[in-house]
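Reader: I have a new structure to read. Could you take me through it step by step?

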Amino acid sequence: MTYQENFTLPTELLEQVAEQFGFALPGKTQLVGQLNGDVGYTTAAGLSGNIAFSGGTLALAGKMAEVEPASVLFEGRKASMEPVTIRQGADVLKIGAAY
């Protein structure tokens with residue numbers, strides 16, 4: 001079985017999908033931006049492709065922060081995100097992940 005999808009979505013849809021799977025952003029957290037991706041799946045190799053986030057802002061408890069572009073890469077059973085920078089005034093946070 002093979003499946004391939006190329007897409008562009010607003011992040012608001014991501015929040016709704018996450019909630020359907022039992023994941024919810026805490027309190028008054030809001031993520032705004034756009035997701036672009038090219039993701040495929042085969043029974044032999046699993047998930048492959050990437051999802052990029054751009055044009056983003058993040059609101060935490062009413063305070064706005066700018067989110068630099070980020071990308072999540074899928075390779076079989078692995079997923080990774082290179083460090084992304086989040087800025088709120090003079091404060092800077094870098095976050096990366098691997099699973």
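Author: Start with one term: contact means heavy atoms within 4.5 Å. In this chain, residues 24 or more positions apart account for 33% of the contacts with a separation of 6 or more. Before going on, note that this is a predicted model: local features need pLDDT of at least 70, side-chain atom pairs count only at pLDDT 80 or more, and totals for chains, interfaces and linings use all residues. Residues are numbered from 1 along each chain as its sequence is written, and side-chain values use heavy atoms, with hydrogens and water left out.

Reader: How many helices and strands does the protein chain have?

Author: Both are DSSP runs, numbered from the N terminus: helices are H or I with at least four residues, strands are E with at least two. Here there is one helix, and there are seven strands. From the N terminus on, the order is β-α-β-β-β-β-β-β. The C-alpha trace spans about 45 × 25 × 20 Å along its principal axes.

Reader: Is threonine 85 buried or exposed?

Author: Buried means under 20% relative accessible area, exposed over 50%, and partly exposed in between (1.4 Å probe, protein chains only). Threonine 85 has a relative accessible area of 4%, so it is buried. It lies in strand β6. Compare alanine 18, in helix α1 (residues 11–20). Alanine 18 has a value of 23%, so it counts as partly exposed. Of the 99 residues of the chain, 23% count as buried.

Reader: Which side chain does the side chain of threonine 85 make a polar contact with?

Author: A polar contact is a pair of N or O atoms within 3.5 Å; within protein, one must be able to donate a hydrogen and the other to accept it, and residues adjacent in sequence count only if both atoms are side-chain atoms. The partner of threonine 85 is the side chain of lysine 94, at 3.0 Å. Leaving out residues up to four places away in sequence, threonine 85 touches Glu66, Val67, Glu68, Val92, Leu93 and Lys94.

Reader: Which residues form the largest nonpolar core?

Author: A nonpolar core is a set of buried Ala, Val, Leu, Ile, Met, Phe, Trp, Tyr and Cys residues joined through side-chain atoms within 4.5 Å. The largest one here has eleven residues: Phe7, Leu35, Val39, Phe53, Leu58, Ala65, Val67, Ala70, Met81, Val84 and Ile86. At least two come from each of β2 (30–42), β3 (46–60), β4 (63–67) and β6 (78–88). The largest share, three residues, is from β6.
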